[in-house]
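User: Hi! Could you walk me through this structure? I'm new to this.

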Amino acid sequence: MSTIGTRLSALQDRVQDTIADMNPRDRTMLGGLLAFGTVVVLGGGFWWMQSTLAGLEARVSDRQDQLHMVGLLASDHNEAKTKAEEIKTKLAQYQTQDFSSFMEQAAKEVGVGEQLSSVRKKSESTNDRLQELVYSVKLTKLQQDQLVKVLHAVEASGYPVKVRTFKAKTRTSKGEKSIDVDMEVATYKVVADDAEEEG
């Protein structure tokens, strides 16, 4: 420790001797140079600190935006999950009722039971946990108000149906007009997975 102190003391003496040997003009220039160097170092340090703080603030802002986005996604996920459960419950209400019997009942309720010519299953497909059954439905000799009533009875009943195609043909017999309808209707059922069946 004493060796370092001795060296520093010698260095200080040399600096003092050097400054003492300088003329006033050189001393002023040295003072100005030291002052300029100090300003540059302090200014550079301040700029670096400002730049670092700005970078940290930008990162914090990005993290806050990401956190907000995660919150929105979580909210959307919960809403979708709730809606899916509601749809599943609604589908389960009609799980045991066959579409053919539903269609016959709906036609009878609006007074067109005799005009329901046929209800025939065309195809069946299962996607993940949802089964889609497609039926061909034919009604004949309907009046316009009867057609409106039967369509309303089918679509507003709550039974999970979707009319995929609809063809109507007008016919005239003995001066009276009637409508023949041929439509393709898709119905849906929830397919229970193995875990639910075991539970």
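User: Let's start with Val-15: is this residue buried, partly exposed or exposed?

Analyst: Val-15 is partly exposed, because its relative accessibility is 43%. Buried means under 20% relative accessible area, exposed means over 50%, and partly exposed lies in between, using a 1.4 Å probe and protein chains only. Keep in mind that this is a predicted model: local features need pLDDT of at least 70, side-chain atom pairs count only at pLDDT 80 or more, and totals for chains, interfaces and linings use all residues. Residues are numbered from 1 along each chain as its sequence is written, and side-chain values use heavy atoms, leaving out hydrogens and water.

User: Thanks! Which helix is Val-15 in?

Analyst: Val-15 lies in helix H1, residues 2–21. Helices (H or I, at least four residues) and strands (E, at least two) are DSSP runs, numbered from the N terminus.

User: New topic. Which residues have the most contacts inside the largest nonpolar core?

Analyst: They are Phe-99, Met-103, Val-137, Leu-139, Val-181 and Met-183, in a core of 20 residues. A nonpolar core is a set of buried Ala, Val, Leu, Ile, Met, Phe, Trp, Tyr and Cys residues joined through side-chain atoms within 4.5 Å.

User: And which elements give two or more residues to this core?

Analyst: Those are H3, strand S2 (130–142), helix H4 (144–155) and strand S4 (176–190). S2 supplies the largest share, 5 residues.

User: What does Phe-99 touch, leaving aside its neighbours within four places in sequence?

Analyst: Phe-99 is in contact with Val-119, Tyr-135, Val-137, Tyr-159, Val-161, Val-185 and Thr-187. Contact means heavy atoms within 4.5 Å.

User: How about Ser-100, is that buried or exposed?

Analyst: Ser-100 counts as buried because its relative accessibility is 17%. Ser-100 is in helix H3, and beyond four places in sequence it touches Val-119 and Tyr-135.

User: Where is Ala-106, then?

Analyst: Ala-106 is also in helix H3, which covers residues 99–109. With a relative accessible area of 4%, Ala-106 is buried. From Ala-106 to Tyr-135 is 15 Å, C-alpha to C-alpha, and the two are 29 residues apart in sequence.

User: Last one: how many bridges join S1 to S2?

Analyst: There are 10 bridges between strand S1 (residues 116–127) and S2, and the two run antiparallel. Two strands pair if DSSP finds at least two bridges between them. Asn-127 stands opposite Leu-130 in S2. The hairpin of S1 and S2 has 2 residues between the strands, and there Asp-128 takes a positive phi near 60°.
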